[in-house]
Amino acid sequence: MTGDTFGRTIQLFLVDGKPSGLRKATIHGWTGLIFVSGDSTFGALTARDEVDRTGVYILSGPDPDKAGVTRAYIGSGNSVAERIKQSALKRDFWETAITITTSDDDLSKGHAEYLEARLIEMTSAAGRVTLDNGTSPDTSRRRLPEADVANMEQFLANLKIILPVIGLDMLKPQPRAVSDTATPVELRTSGEVRFEIRHKSGVQAEAVEEDGEFVVLEGSEALTGTGYVQQSYGGLKQKLVEDGVLINAPDGKLRFARAYAFSSPSAAAAVILDRNSNGRTEWKVKDSKQSYHDWQQARAVSEEAGV
């Protein structure tokens, strides 16, 4: 345990004994109650007494308009079971339904509306999913007593912990290397280990690892049109071009117009080299021959030794 970080116990119960079936998630000592279902168990979800309570819900699935992107709809209701059924009928994209109530049924309509508004606000700010909500409720209009606001913010803090565990990482803020664009890249990545790719083609790229994500920095280059058939990240690369993250450079290469957070070093290397790549060996610590893999191993040894 370091600083304000401490361990948490999350209980995940497989209601029907199947990992892909209806799941119930809780955090020890918290009254929040999360149920997760797919389309095949949606009926079992909405039939539960715990879901026929005041709370919020999320419908998520692949964005039909953007490859590799998740779309989500956030709602609330006095009966989550009834409201989520109505919302699901209006939307074709969803594959996962998540309901959020409490074990002691102590959320009021005001609490639920505040949570809904803040979830939409936080999700929009994080920019990790496409929101299907047509409007963004104003949290200032959800007037709650000061103590209730504090309780709901703690509730949201627990949701930030538990939602990634059940497969929806929509509230996590973007890494500082991506979001803090007003700060020069040297300052916003100060203290981070820099990695680089220097390919024989002349392509050069730099990246940092921040909070479990591998961030390729603006100005980095990427190959295009290499003709490699095996490219698992072709869809992602096309999305980056469409979104303006990758732009055409005068020398026929692509260039990162802004920093972008990848899920792994291999995903980043594949997009940069235009082929399936082992990022653990392609990326080297800047100005050295030490690979990302070797750097990671050395860091693990240092941590074990308490250095």
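These are my notebook entries on a predicted model of a single protein chain.

**Entry 1. Overall make-up**

I began with the chain as a whole. I counted 10 helices and 15 strands in the protein chain. Along the principal axes, its C-alpha atoms fill a box of roughly 60 × 45 × 45 Å. The chain has 307 residues, and 45% of them count as buried.

**Entry 2. Nonpolar core**

I then looked up the largest nonpolar core, which holds 29 residues. Ile34, Ile58, Ile98, Ile100, Leu159, Leu163 and Met170 touch the most other members. I checked which elements supply at least two residues each to this core: they are strands S2 (23–27), S3 (32–38), S4 (55–62), S5 (70–77) and S6, along with helices H3 and H4 (146–165). H4 gives the most, with six residues. I note for background that nonpolar side chains tend to be buried together in soluble globular proteins.

**Entry 3. Helix H8 and what follows it**

Is helix H8 enclosed or open? I found that eight of its nine residues (265–273) are buried, so H8 is largely enclosed by the rest of the structure. I listed the buried ones as Pro265, Ala267, Ala268, Ala269, Ala270, Val271, Ile272 and Leu273.

Just after H8 comes Asp274, for which I read a positive phi of about 60°. Asp274 also forms a salt bridge with Lys237, with 3.1 Å between the closest N and O atoms. Asp274 sits in the loop between H8 and helix H9 (279–282), and Lys237 is in helix H7 (residues 234–242), so the pair ties together parts that are 37 residues apart in sequence. Asp274 has 12% relative accessibility and therefore counts as buried. Lys237 counts as buried too, at 6%.

**Entry 4. Other salt bridges**

How many salt bridges does a search of the whole structure find? I got 21. I took two further pairs in detail.

In one, the side chains of Arg118 and Glu153 meet at 2.8 Å, N to O. Arg118 is in helix H3 and Glu153 in helix H4, 35 residues apart, so I logged this pair as a link between distant parts of the chain. I recorded Arg118 as buried because its relative accessibility is 16%, under the 20% cut-off. Glu153 is partly exposed, with a relative accessible area of 27%.

In the other, Glu218 pairs with Arg188, and the closest N and O atoms are 2.4 Å apart. Glu218 lies in the loop between strand S10 (213–216) and strand S11 (221–222), while Arg188 belongs to helix H6 (residues 185–188). These two residues are 30 residues apart, and the pair links distant parts of the chain. Arg188 has a relative accessible area of 5% and is buried. Glu218, with 28%, is partly exposed.

I also noted one network, in which salt bridges that share partners join Asp63, Asp65, Arg71, Arg91 and Asp132.

**Entry 5. Surface charge**

Which residues form a negative surface patch? I found Asp49, Asp52, Asp104, Asp105 and Asp106. I followed up one of them, Asp105, which is found in the loop between strand S6 (96–102) and helix H3 (109–126).

Key. Residues numbered from 1 in each chain as written. Predicted model: local features only at pLDDT ≥ 70, side-chain atom pairs only at ≥ 80, totals over all residues. Heavy atoms only, no water. Patch = residues over 30% accessible without salt bridge, like charges linked within 9 Å, V, L, I, M, F, W, Y side chains within 5 Å. Areas by Shrake-Rupley, 256 points an atom, 1.4 Å probe, with all protein chains shown as cover. Salt bridge = Lys/Arg side-chain N within 4 Å of Asp/Glu carboxyl O. Lys, Arg positive; Asp, Glu negative; His and termini not counted. Charge placed at Lys NZ, Arg CZ, Asp CG, Glu CD. Helix = DSSP H or I, 4+ residues; strand = E, 2+ residues; numbered from the N terminus. Core = buried A, V, L, I, M, F, W, Y, C linked by side-chain atoms within 4.5 Å. Buried < 20%, exposed > 50% of the residue type's maximum accessible area, 1.4 Å probe, protein only.
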